[in-house]
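User: Could you walk me through how to read a few features in this model? I would like the general idea and then the case at hand.

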Amino acid sequence: MQPAPATSSRTSRSSLPALLALAIGAFGIGTTEFVITGLLPEIATDFDVSIPTAGILVTGYALGVVVGAPLLTALGTRIPRKRMLMLLMGVFVIGNLLSAVTPSFELLIAGRVVTSLAHGAFFGIGAVLAAELVAPDRKAGAIATMFTGLTVANVVGVPLGTLIGQQLGWRVTFALVAAVGVAGIAGIALLVPELPRPRVAARLRQELSAFRNVQVGLAMAMTVLGFGGVFAAITYIAPMMTGPAGFADSSVTWLLVLFGLGMVIGNLVGGRFADRALMPLLYVSLGLLSLTLLAFTFTAHSQPAAVVTVPLLGFFGFATVPPLQKRVLDQTAQAPTLASAVNIGAFNLGNALAAWLGGVVISAGYGYTAPNLVGAALTGSALLLAVLSAVLERRTAAPVRLGAAA
């Protein structure tokens, strides 16, 4: 039964502090996930490794999310969501502290992986909790509010972390991110309400059964390929901008600000329209993202053109996030938590795949702009899957409508 508009409005206002608390955690996670792209040259120099080798820090983090998302979410079915979110932020703090004090590149990879284990489960459980705090017609908007922390991280946290890392050392950046994680724990403890927990046995069986739905698989494949295209480019944004584009090292900071601003606006637009026209939004955002990545292969050689293209990557890239996450929640309405977390893992599987493929084409001698072509191909493939998903959905629904008409 749909709530009345007045009730919906009150629900949204009363849930705002909790959503903001979740956004603080998302801010910390977003900062530690993306700041590595601006610090790759410094880390590569410090440990005497190549840029593609340093890119393993991106791939390793992403793969850690893929593993940690379903594992920790499944383990957390016996723990109230609020407490589980606090525990996940504790793991996040430990991982960042390990990264800050590590004496070797191998242990830095380990620190990144530890940090990443909390990522998928936090966003997966947090997205479900955010959706439960508001009326049904505001779910995508609530999810987008939580993800605003992630996007704002790219406007404030990532550029500031990059600047601090370049001036004071990248270890200081990770130590400060750990402090943000502590603030996230406090915010969740104080502002997020305790929600009723479903019966464990039934819950876990239902969670696992959701993966039999072919639409769930297609949605997750769209997630892997769609946002992964962004990471093919953004992982190597520092060498791309200081190389072919000819920017100074210090310019990477404000270029990341532009990328983050694009993400913030794209996330808000995606959250606004995903509740109204989810699949059309996916067609438009994925299509334009693919074209933008293709264009970036050429605009990366021009400073003015690059300044225009970088925020467009953030905008179209993050405009896909709320609809992709809501698509999974819609297809798993009776048991969404595990699927939601696995879909966060799918985002990062795409990030790992794209970062690795980007490193492959750079190592093969195709230059620092070649990852953009990889990204365009990945995102274009996601668009084709979106069309396939819609066609299959219409075919499945057609007999039901005919039967109802008869």
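User: Which residues does T162 touch, leaving aside those up to four places away in sequence?

Analyst: Keep in mind that this is a predicted model. Leaving out residues up to four places away in sequence, T162 touches V35, G38, L39, T253 and L256. T162 itself is found in helix 6.

User: Is T162 buried or exposed?

Analyst: Buried counts as under 20% relative accessible area. T162 has a relative accessible area of 0%, so T162 is buried.

User: Helix 6 has come up, so how do I read its packing against helix 15?

Analyst: Two packed helices are described by the angle between their axes and the distance between the axes. Here, the axes of helix 6 (residues 139-168) and helix 15 (residues 321-331) come within 10 Å and cross at roughly 130 degrees. The two helices, helix 6 and helix 15, are therefore oblique to each other, and their crossing is right-handed.

User: Which residues make that contact?

Analyst: On the helix 6 side they are A140, I143, A144 and F147, and on the helix 15 side V321, P322, Q325, K326 and L329. By type, the contact of helix 6 with helix 15 has seven nonpolar residues, one polar and one charged.

User: How many residues of helix 15 are buried?

Analyst: Nine of the eleven residues in helix 15 are buried, so to speak mostly covered. Among them are V321, P322, Q325, K326 and L329.

User: What about aromatic rings: how many pairs are there, and how do I read one?

Analyst: A pair of aromatic rings is described by the distance of the centres and the angle of the planes. The structure holds twelve aromatic pairs. In one, the rings of F47 and W170 have centres 5.7 Å apart and planes at 50 degrees, so this pair is tilted. The pair links distant parts of the chain, with F47 in helix 1 (residues 5-47) and W170 in helix 7 (residues 170-191), 123 residues apart. F47 counts as buried at 16% relative accessibility, and W170 counts as buried at 4%.

User: What is the geometry of the F122 and F123 pair?

Analyst: The ring centres of F122 and F123 lie 5.8 Å apart and the planes are at 85 degrees, so the pair is edge-to-face. Both F122 and F123 are buried.

User: Which residues do ring pairs link into a cluster?

Analyst: The cluster consists of F34, F122, F123, F147, F227, F231, F318 and F347, linked by ring pairs. F147 also belongs to the contact of helix 6 with helix 15.

Conventions: Residues are numbered from 1 along each chain as its sequence is written. This is a predicted model: local features need pLDDT of at least 70, side-chain atom pairs count only at pLDDT 80 or more; totals for chains, interfaces and linings use all residues. Side-chain values use heavy atoms; hydrogens and water are left out. Axes are lines fitted to C-alpha atoms, for helices over the stretch in contact, and angles run from 0 to 180 degrees between N-to-C directions. Helices (H or I, at least four residues) and strands (E, at least two) are DSSP runs, numbered from the N terminus. Angles under 35 degrees count as roughly parallel, over 145 as roughly antiparallel, 65 to 115 as roughly perpendicular and the rest as oblique. A crossing is left-handed if the near helix is turned anticlockwise from the far one by less than a right angle, and right-handed if clockwise. Contact means heavy atoms within 4.5 Å. Ala, Val, Leu, Ile, Met, Phe, Trp, Tyr, Cys and Pro count as nonpolar, Asp, Glu, Lys and Arg as charged, and the others, Gly among them, as polar. Buried means under 20% relative accessible area, exposed over 50%, partly exposed in between (1.4 Å probe, protein chains only). Rings of Phe, Tyr and Trp (its six-membered ring) pair if their centres lie within 6.5 Å; planes under 30 degrees apart count as stacked, over 60 as edge-to-face and the rest as tilted.
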